[in-house]
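Dear colleague,

Please look through it before reading on.

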Amino acid sequence: MHHLPFAPPTSTAGSSEGLDAQRCYQAMADKDAAWDGLFFTGVTSTGIYCRPVCRVKLPRQANCRFFETAVQAEAQGFRPCLRCRPELAPARRFWSTTDAQAVLAESAAQQLQSAIQQGTKPPSMAALAAQLGVSDRHLRRLFLHHWQVSPLQYLQTQRLLHAKQWLQDSPLSVAHVARASGFGSARNLYAAFAQHYQLSPGQLRTASAPLRKAPQPGTALVLPYRPPCQIATLWQFLQDRSLSGMESWEGQGPHAVLRRTVRWPHASQAISGWLELRWDRTQAVVHLRVSASLDPVLPQVVAQVRDWLDLDAEPARIAQVIGRDFPQALGQRLPGCLDGFELAVRAILGQQISVKAARTLGQRLVNTLGEPCNTPWPELNRTFPSPATLAREENGALMGSLGLVRQRQRAIQALAQAVESGSLDLSRRAQLEPTLQALMALPGIGPWTAHYIAMRALHWADAWPVQDVALQTALGVRQHPRPTQALKALGQAWRPCRSYALIAAWQSLSPQSEPSDHPEPHNHNAPAP
């Protein structure tokens, strides 16, 4: 197991509190990708800060200052390395179960960071404080104490790094990048780059132009992650559930190429396109190609792909929590989704039946109600039915002819109507508790299905459905007089990443266990995992 750089502080002057300078320097020397994004190194002799995987000559340790975040490095006057590109480092998913002040500060940072990645307007500190249940002044004080920078500095650095990434990696115009990064105008972006980086967006783009040219259609991108990663397990999970027409595979095993169609909301309409994914054989990166039709929403699509494949997971941290009980789970990923609505429909389709049977129903739905999509591959030609399509009353009877029982028809149509009306948000930015309540208020959706949807659509890392029969069986409490209570007690040891324990427990079951699925005792509507 890789040792984390967080230990009793023995760091050099000016370093972030809690970072062990010796461990950080050794990680730099090893170019260890398992530490990527967990700290950044400012080199005083050059004024540049780097990721631990940077391939430049190792600087002297006396010239190194270590920081937990890129924001802290930039606040101390360091500029991002143009070679290792700190903006590409896997994101931190801050979590704590003991320090309430750290939880608040890290939750605030996470929401500001997510808003920039998703291309949405960041919440004001007043709105964020109200959501977290504290005063605006108290949250600002906690933020400054925890991160050693103000919320405004944190937000500005995230905007700069986000803009830098898309100027270097995409064909998007400077004006588009400026809007997507929250600068509002190209003029503001130019001013920010000149002030912070002594570099213009045009200079940055000119330097990286040869890297953006690709012999194949679409925009080619590289997405780093922290090893280890159980690629074969994740790929098999997705392949077992893939639907022809909207998903296709080339090759076998962990190095198979996955292609699929995507429909994405943009302004008042939806745009369609495709993406292609393959894992690198020699580096801890995923190669992604995205169709030009998705350029207007490219940053949001890439952020969603990272969630879909759980590329920002911290395997060593997760192993610290569940590794003793699930040693086989090291490097395991939590499968997300590209479209929360699609995932929710497929979860309903899988209630009380096997994965194979759920896949058959999903295939019929895509064949009948899926919408045409142009791609370079003839076998990839449809997108998943939209909420508007499935909400139509006349399509209820049509779903019945496809083999869907009346209860599932009603559940899918109620879900589609809620999403189409805007009363239900199944995107990554949705709040957990209100979303769970809204899902369970719909007909045919009980606690198990709601929790499963939240785990994969909202990337909820701490889902723990105590009604799950397979989970009870895997953990040996099925015959307990009160299995749900026993399961609840067991799960306390694996917080705040019980979803990873859940996936590991499912995978420990034999394939013969799968058809019995996960019925909820009172609702009888749990989906196939």
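Helices here are DSSP runs of H or I with at least four residues, strands are DSSP runs of E with at least two, and both are numbered from the N terminus. This is a predicted model, in which local features need pLDDT of at least 70, side-chain atom pairs count only at pLDDT 80 or more, and totals for chains, interfaces and linings use all residues. Residues are numbered from 1 along each chain as its sequence is written, and side-chain values use heavy atoms, with hydrogens and water left out.

Most residues other than glycine have a negative phi, and most peptide bonds are trans.

Against that background, the bond from Arg 495 to Pro 496 is cis, with omega near 5 degrees, and Pro 496 sits in the loop that runs between helix 21 (483-491) and helix 22 (498-508). A cis peptide bond also links Pro 227 to Pro 228, where omega is near 0 degrees; Pro 228 belongs to the loop between strand 5 (219-224) and helix 10 (231-240).

Turning to phi, Gln 198 is not a glycine and yet has a positive value of about 50 degrees. Gln 198 is found in the loop between helix 8 (186-197) and helix 9 (201-212), and it is exposed, with a relative accessible area of 51%. Gln 352 likewise has a positive phi, near 65 degrees, and lies in the loop between helix 13 (340-349) and helix 14 (355-369), where it is partly exposed at a relative accessible area of 40%. Exposed means over 50% relative accessible area, buried under 20%, and partly exposed in between, using a 1.4 Å probe and protein chains only.
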